[in-house]
Structures are given as structure tokens and as C-alpha cells.
Amino acid sequence: MKRKILSGKDVMKLGYPEGRAVGTAINTVLKHFRRSEKEEIYSMLRNVLAAPKNFINDSIWGNVALELIPTEKKSLVHELNKTRIAYCTYGASGIEEGARNQMEIAMKLPVTVGGALMPDAHQGYGLPIGGVLATRNAVIPYGVGVDIGCRMSLSVFPLNEIFLDRNRSSLKQILLDNTCFGSETFRRPKEHEVLDSSLFKEVTVLRPLQGRAAMQIGSSGSGNHFVEFGLVELGVQNEWGLAAGNYLAVLSHSGSRGLGAEIARHYTRVAKQVCLLPREAAELAWLDLNTEAGQEYWLAMNLAGDYASANHFQIHERIASALGEQPLLRVENHHNFAWKETFGDGTEVIVHRKGATSAGKGVFGIIPGSMTTQGFIVKGKGSADSLQSASHGAGRLMSRSAAKQSITNKMVRQELIKHGVDLIGGGLDEAPMAYKDIEKVMYYQSDLVEVVGTFVPKIVRMCGDKTATED
């Protein structure tokens with residue numbers, strides 16, 4: 001723009017209301033766009049005027065957008081508290097700065113009443129993976145996560161280590177025949193009552209998702225999802241009254257597939273429209289549970305959780321049928337979810353556990369390590385400091401891109417051979433070395449859970465029919 005100053009008349013001709021919005025717009029142009037062409041500046045000003053809510057979190061145009069929001073909608077704008085609420089961090093030395101920063105921001109939300117950071121924590125979107133956040137009558141879609149209701153499910157069978165060693169080839173084929181990953185689905189998916197939920201008709205966003213959910217049921221996602229055979233070791237006085245020793249077991253990790261992902265995307269967009277936060281906290285936009293959108297999300301989230309559980313039920317049902325055995329026991333626990341709970345003082349809260357699992361007193365769960373390290377069957381101790389939570393696994397030590405750059409197929413092959421593990425599928429980003437030391441993670445949360453058994457993986461299937469060890 002040739003002239004040095006943009007006049008108020010110029011801005012008002014574009015449709016800007018007289019007042020602070022005009023002055024803020026001029027100051028923004030003078031600060032950031034002195035050398036820009038006139039039409040380029042006008043185009044940007046028109047875009048902000050047309051949809052100011054889209055620019056609330058913009059580092060340049062945010063202040064202009066705020067001035068354009070009608071007075072009656074100013075209540076949608078929320079500032080972070082100046083100081084954060086105190087929270088407990090478990091295994092702080094092993095948690096990256098990015099995850100800690102995300103937790104610090106979450107603890108400044110005006111709806112936050114408590115929180116905790118688990119020892120497997122690493123950076124995510126909005127709330128860090130491994131983050132636990134309690135809020136007052138508000139649910140945060142990105143505090144729950146994209147893979148809503150993702151969970152671990154363990155079935156223990158009356159078969160031993162000798163059976164596994166003698167039947168490795170057959171067990172591999174059972175996994176290939178009875179599990180599907182990623183875009184792969186069963187030719188004849190099984191029916192399940194969750195697919196008949198009236199919510200598919202009553203909630204608008206769910207209507208087009210019913211068919212996709214029916215097609216994907218009983219399958220697993222890509223990434224870190226798996227189904228694996230391994231050995232569970234139980235002591236003499238175990239919780240189930242079984243004889244001490246090793247048992248063949250199946251452990252699965254998967255979630256709500258496309259159903260949960262679309263619910264998360266839709267309601268995150270809605271939350272960002274009705275809850276305007278500073279840029280650094282934008283992914284933590286919440287829905288008030290007293291609103292229609294908040295109630296809709298709550299119902300949809302719970303449906304996605306039920307659907308995820310149905311997926312695991314069918315996975316284990318198929319494998320049990322192929323084995324010709326019924327499980328002696330089942331343990332299932334979920335993460336990426338929000339629970340209505342009550343603090344010791346009677347305060348009712350919404351507890352988000354993103355990549356963290358419930359560890360209420362006496363609650364059973366399974367916390368896996370990696371494809372070559374043991375996992376743990378646990379019983380929660382109900383710690384108030386952790387909001388009755390524990391880690392959902394070992395947690396990533398490396399990002400996916402870092403793992404692919406630093407880990408080789410040869411390294412993975414050597415690790416698999418060392419631990420006697422057969423791998424079907426998987427990628428370098430899921431290599432054992434990409435994960436934290438599960439023994440350290442368990443040490444850091446010894447006050448949160450009691451170990452009542454262990455699981456050692458032996459035959460692992462992940463997304464893809466070829467293994468990550470093939471060049």
C-alpha cells in the first residue's frame with residue numbers, strides 16, 4: 001500500500017462498525033502489513049469482518065475479531081486464570097516439556113478444578129496424552145481425545161506355555177483369520193446390539209455413521225493398536241482363585257474407529273465456536289453440560305465407548321471360538337473418556353482421562369508395555385492425588401517421525417529375537433525402542449496401583465500383513 005496510514009473512513013467503508021474495531025484494525029495493519037498491497041489488506045479485513053469467530057485465536061487478527069463480536073456473545077470469550085491450580089506429576093523426569101506445558105495451560109482453564117499428569121505422558125492435542133483433568137460441569141472433546149473409549153481387553157485361557165510353543169504357527173493364523181486392522185474389515189461383520197441404539201436416529205451427527213460403524217465392528221485401528229497372544233503369570237493367591245502359573249492369554253488394544261473420530265471432530269468444531277479461548281488454549285474448548293451440544297456430545301461419547309467395548313468383545317469372541325476354549329477371566333479398562341465422579345468433599349466433577357485409565361479403589365485394569373516388554377494386570381488404590389487414575393501404558397519415548405528416522409529394521413529384528421516375539425504387521429514407529437521403560441513407569445505409579453499379575457507378549461499382530469522387520 002503506497003500511503004502510510006489507513007484511514008478510519010477506509011475501514012468503515014468495508015463495513016466495520018464505528019468504534020474500537022476500526023482503531024484496532026488500523027493498528028493491526030500498520031504493525032503487520034505496512035508493505036502489503038491495498039487490495040491484499042482490504043481482502044484480509046473483509047475476511048475478518050465476515051467471520052470474526054474464525055480469527056479469535058489468530059495471533060495477528062485476534063484482537064480485531066474480539067472487537068467485532070456482538071456484545072451479547074462476549075460471554076463466549078474466556079480468559080485463562082492468571083495462576084494455575086496445583087496438580088501432581090508422576091515421573092516428572094521422564095516427561096517432555098511439551099506435555100508439561102500443555103498441562104500447565106489446562107490447569108488455568110476457568111472450569112478446571114483438579115488434575116494430574118501420569119508417568120507415561122507425552123504431548124498431544126489440547127490435553128497431553130497421560131493427562132487427567134477434572135472440570136466443573138464441562139466436557140472438553142479434545143480432553144477426551146479422538147479415539148473415544150479406546151481400551152485394553154485381556155482374556156485368559158486354560159492353556160499353558162507348552163501349548164503356545166507347540167502351536168505358534170496355528171496361533172499366528174488365528175490372528176490373521178480373526179482380526180482386521182486399519183481400512184481392512186470383515187466380509188461378514190457380526191451384529192451387535194450397540195448398532196441398534198436409538199441415538200443413531202436421534203443425534204444428527206450420528207445418523208450417517210451407523211452404516212460405517214456396522215462395517216467396522218470387530219476390527220482394530222492402525223497405529224499403536226494390536227491384538228496379541230502372550231502369557232499371563234498369576235501368583236499363588238491371585239484375585240480369581242486360579243492355580244499359580246502361566247496361562248495363554250489374548251490382549252487387544254483398540255477403540256471406537258471412525259465413529260469415535262467423527263464424533264470428536266464434529267464436537268471439537270462446535271466447542272470452538274461456542275467457547276472462545278486464547279490461542280494457546282484453543283484446543284481445550286469445552287461444552288457446558290447444561291447445553292444441548294454438551295448433552296449431545298455426552299450421549300455420543302458414551303455410545304462410542306460402548307461401541308469400542310463391542311469391538312473387543314467380538315475380537316475375543318472370534319479368537320475364543322478358533323481356540324475352542326472359553327476364557328477363565330476377562331479384564332478390560334478404557335482411556336480417552338470422561339467420567340462423572342465425586343471428590344471426597346462432595347464436589348461433582350467431570351474427570352477427563354486422555355491416555356490415562358481409571359484406578360479407583362479395587363478397579364482392575366491392564367497396563368501394557370511394548371511388543372517385547374511385559375504388561376501388568378493391576379488393581380487401583382483409589383489415590384485422591386491422581387484423581388483415582390493411572391497410566392494407560394508405557395507411553396512414547398520418541399515421536400513417530402523420530403522413531404522412523406532413528407530405528408532400523410535390523411534393530412527391531414534383533415529385539416524381537418531377543419525376546420522370542422513373532423510380529424505380524426507393525427511399523428518402525430511402533431518399535432519397542434520408541435516406548436518408555438514400563439518398569440520405570442510402574443515404579444513411578446506404585447502408589448496408584450497394585451500389581452496382581454503380568455502379561456508377556458509372544459505373537460503380536462498390528463496393522464499390515466508384512467512385518468516391520470522385512471526390508
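**Exercise 1. Find the residues that Cys 88 touches beyond its sequence neighbours, and describe its place.**

Step 1. With neighbours within four places in sequence set aside, Cys 88 is in contact with Gly 115, Ala 116, Leu 117 and Asp 385. Contact here means heavy atoms within 4.5 Å.

Step 2. The model is a predicted one, in which local features need pLDDT of at least 70 and side-chain atom pairs count only at pLDDT 80 or more, while totals for chains, interfaces and linings use all residues. Residues are numbered from 1 along each chain as its sequence is written, and side-chain values use heavy atoms, with hydrogens and water left out.

Step 3. Cys 88 belongs to strand E1, residues 88-89. Helices (H or I, at least four residues) and strands (E, at least two) are DSSP runs, numbered from the N terminus.

Step 4. One of the contacts, Ala 116, is 28 residues from Cys 88 in sequence, with a C-alpha to C-alpha distance of 5.0 Å.

Step 5. The relative accessible area of Cys 88 is 29%, so Cys 88 is partly exposed. The classes are buried under 20%, exposed over 50% and partly exposed in between, with a 1.4 Å probe and protein chains only.

**Exercise 2. Is Ser 256 buried or exposed, and which backbone oxygen does its side chain reach?**

Step 1. Ser 256 sits in the loop that runs between strand E7 (245-254) and helix H11 (257-274).

Step 2. Ser 256 is buried because its relative accessible area is 0%.

Step 3. The side chain of Ser 256 reaches the backbone oxygen of Ile 148 at 2.6 Å.

Step 4. Not counting residues up to four places away in sequence, Ser 256 touches Asp 147, Ile 148, Ala 304, Tyr 307, Ala 308 and Asn 311.

**Exercise 3. Describe how H11 and H12 pack, from angle to residues.**

Step 1. Two packed helices are described by the angle between their axes and the distance between the axes. For H11 and H12 the angle is about 165 degrees and the axes are 9 Å apart. Axes are lines fitted to C-alpha atoms, for helices over the stretch in contact, and angles run from 0 to 180 degrees between N-to-C directions.

Step 2. H11 and H12 are therefore roughly antiparallel. Angles under 35 degrees count as roughly parallel, over 145 as roughly antiparallel, 65 to 115 as roughly perpendicular and the rest as oblique.

Step 3. The crossing of H11 and H12 is left-handed. That term applies if the near helix is turned anticlockwise from the far one by less than a right angle; clockwise gives right-handed.

Step 4. From H11, Arg 257, Leu 259, Gly 260, Ile 263, Tyr 267 and Val 270 meet Ala 293, Glu 296, Tyr 297, Ala 300, Ala 304, Tyr 307 and Asn 311 of H12.

Step 5. The residues of this contact of H11 with H12 divide into nine nonpolar, two polar and two charged. Ala, Val, Leu, Ile, Met, Phe, Trp, Tyr, Cys and Pro count as nonpolar, Asp, Glu, Lys and Arg as charged, and the others, Gly among them, as polar.

**Exercise 4. Which side chain makes a polar contact with that of Glu 341, and where does Gln 388 lie?**

Step 1. Glu 341 is part of strand E10, residues 337-342.

Step 2. The side chains of Glu 341 and Arg 353 make a polar contact at 3.0 Å. A polar contact is a pair of N or O atoms within 3.5 Å; within protein, one must be able to donate a hydrogen and the other to accept it, and residues adjacent in sequence count only if both atoms are side-chain atoms.

Step 3. Leaving aside neighbours within four places in sequence, the residues in contact with Glu 341 include Arg 353, Leu 387 and Gln 388.

Step 4. Gln 388 lies in the loop between strand E14 (375-380) and strand E15 (389-391). Its phi is near 55 degrees, a positive value in a residue other than glycine.

Step 5. Gln 388 counts as partly exposed because its relative accessibility is 29%.
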